[in-house]
Amino acid sequence: MASGVSVSDDVIRVFNDMKVRKSSTQEEIKKRKKAVLFCLSDDKRQIIVETSRQILVGDIGETVEDPYGAFVKLLPLNDCRYALYDATYETRESKKEDLVFVFWAPDSAPLKSKMIYASSKDAIKKKFTGIKHEWQVNGLEDIKDHYTLAEKLGGNIVVTLEGKPM
């Protein structure tokens with residue numbers, strides 16, 4: 001079931017910026033987004049960037065020690081969101097960076113919110129071409145531990161996540 005919700009150009013721009021990683025100077029790298037949340041506009045007709053809900057690469061080490069933990073804290077306990085998280089991890093063979101698309105639909109969210117976010121998910125997913133990892137999460141228990149993200153990224157082949165050994 002499609003909801004008729006559209007995706008704002010800003011959402012597409014943020015996704016493309018996170019996907020391309022064309023940053024060259026140290027200042028540009030610091031402005032890159034590590035994590036960002038997307039929500040429905042007040043009139044429920046468009047998916048927009050939730051500007052106050054993001055983590056920049058430049059924040060890591062300065063104001064954010066644990067980027068994944070900080071990302072989890074951005075998620076509202078009683079409402080749905082879409083999110084992109086730029087996971088940095090290592091396998092036995094190589095270092096990797098992958099975008100993870102998260103559909104956050106906590107059990108405590110209102111039913112109407114869960115329904116409109118679920119029916120609008122395809123609209124945003126179609127704009128996010130090339131995403132390898134998609135994750136639907138229904139509560140903090142499912143997402144708060146680094147190991148659950150490592151499992152999504154490849155399970156026991158992941159040896160470090162965000163610089164932390166698994």
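Lysine 44 lies in the loop between strand 2 and strand 3 (46-56), where helices (H or I, at least four residues) and strands (E, at least two) are DSSP runs numbered from the N terminus. The model is predicted, and for this reason local features need pLDDT of at least 70 and side-chain atom pairs count only at pLDDT 80 or more, while totals for chains, interfaces and linings use all residues. Residues are numbered from 1 along each chain as its sequence is written, and side-chain values use heavy atoms, with hydrogens and water left out.

Although lysine 44 is not a glycine, it has a positive phi of about 60°. Its relative accessible area is 45%, so lysine 44 is partly exposed, a class that falls between buried (under 20% relative accessible area) and exposed (over 50%), computed with a 1.4 Å probe on protein chains only. Lysine 44 also lines the second largest pocket, together with Cys39, Leu40, Asp79, Arg81, Lys112, Ser113, Ile116 and Tyr117. A pocket here is found on a 1 Å grid over the protein atoms alone, as an open set of points where a 1.4 Å probe fits, with protein on both sides within 12 Å along at least five of seven lines, and its lining residues have an atom within 4 Å of a point. About 150 Å³ of space lies in this second largest pocket, the volume being the space filled by probe spheres set on the points, which are joined across faces, edges and corners. Strand 2 and helix 4 each supply at least two residues of its lining, and helix 4 gives the most, with 4 residues.

From strand 2 one can follow lysine 34, which is found in that strand and counts as buried because its relative accessibility is 4%. The side chain of lysine 34 reaches the backbone oxygen of aspartate 86 at 2.5 Å, a polar contact in the sense of a pair of N or O atoms within 3.5 Å, where, within protein, one must be able to donate a hydrogen and the other to accept it, and residues adjacent in sequence count only if both atoms are side-chain atoms. Leaving aside neighbours within four places in sequence, the contacts of lysine 34 (heavy atoms within 4.5 Å) include Met18, Pro67, Tyr85, Asp86 and Glu162. Glutamate 162 is found in the loop between strand 7 and strand 8 (164-165), and its phi is near 55°, a positive value in a residue other than glycine. With a relative accessible area of 17%, glutamate 162 is buried.

In soluble globular proteins, nonpolar side chains tend to be buried together. A nonpolar core is here a set of buried Ala, Val, Leu, Ile, Met, Phe, Trp, Tyr and Cys residues joined through side-chain atoms within 4.5 Å. The largest such core has 24 residues, and those with the most contacts inside it are Phe71, Ile143 and Leu149. Among the elements that give two or more residues to this core are strand 2 (33-40), helix 3 (67-74), strand 5 (95-104) and helix 6 (146-153). A second, separate core of 23 residues includes Met18, Val36, Phe38 and Ile47.

Helix 3 is mostly covered, with 6 of its 8 residues buried, namely Pro67, Tyr68, Gly69, Phe71, Val72 and Leu74. Apart from neighbours within four places in sequence, phenylalanine 71 is in contact with Ala35, Leu37, Ile55, Ala83, Tyr85, Val102 and Ile143. Lysine 73 is found in helix 3 as well, yet it counts as exposed because its relative accessibility is 71%.

The rings of phenylalanine 15 and phenylalanine 128 are stacked, because their centres are 4.6 Å apart and their planes are at 25°. This pair links distant parts of the chain, 113 residues apart, with phenylalanine 15 in helix 1 (residues 9-20) and phenylalanine 128 in the loop between helix 4 (111-127) and strand 6. Phenylalanine 15 counts as buried at 1% relative accessibility, and phenylalanine 128 counts as buried at 4%. The rings of tyrosine 82 and tyrosine 117, by contrast, have centres 5.1 Å apart and planes at 45°, so this pair is tilted. Phe15, Phe38, Tyr82, Phe101, Phe103, Tyr117 and Phe128 form one aromatic cluster.

Conventions
Phe/Tyr/Trp six-rings, centres within 6.5 Å; stacked < 30°, edge-to-face > 60°.
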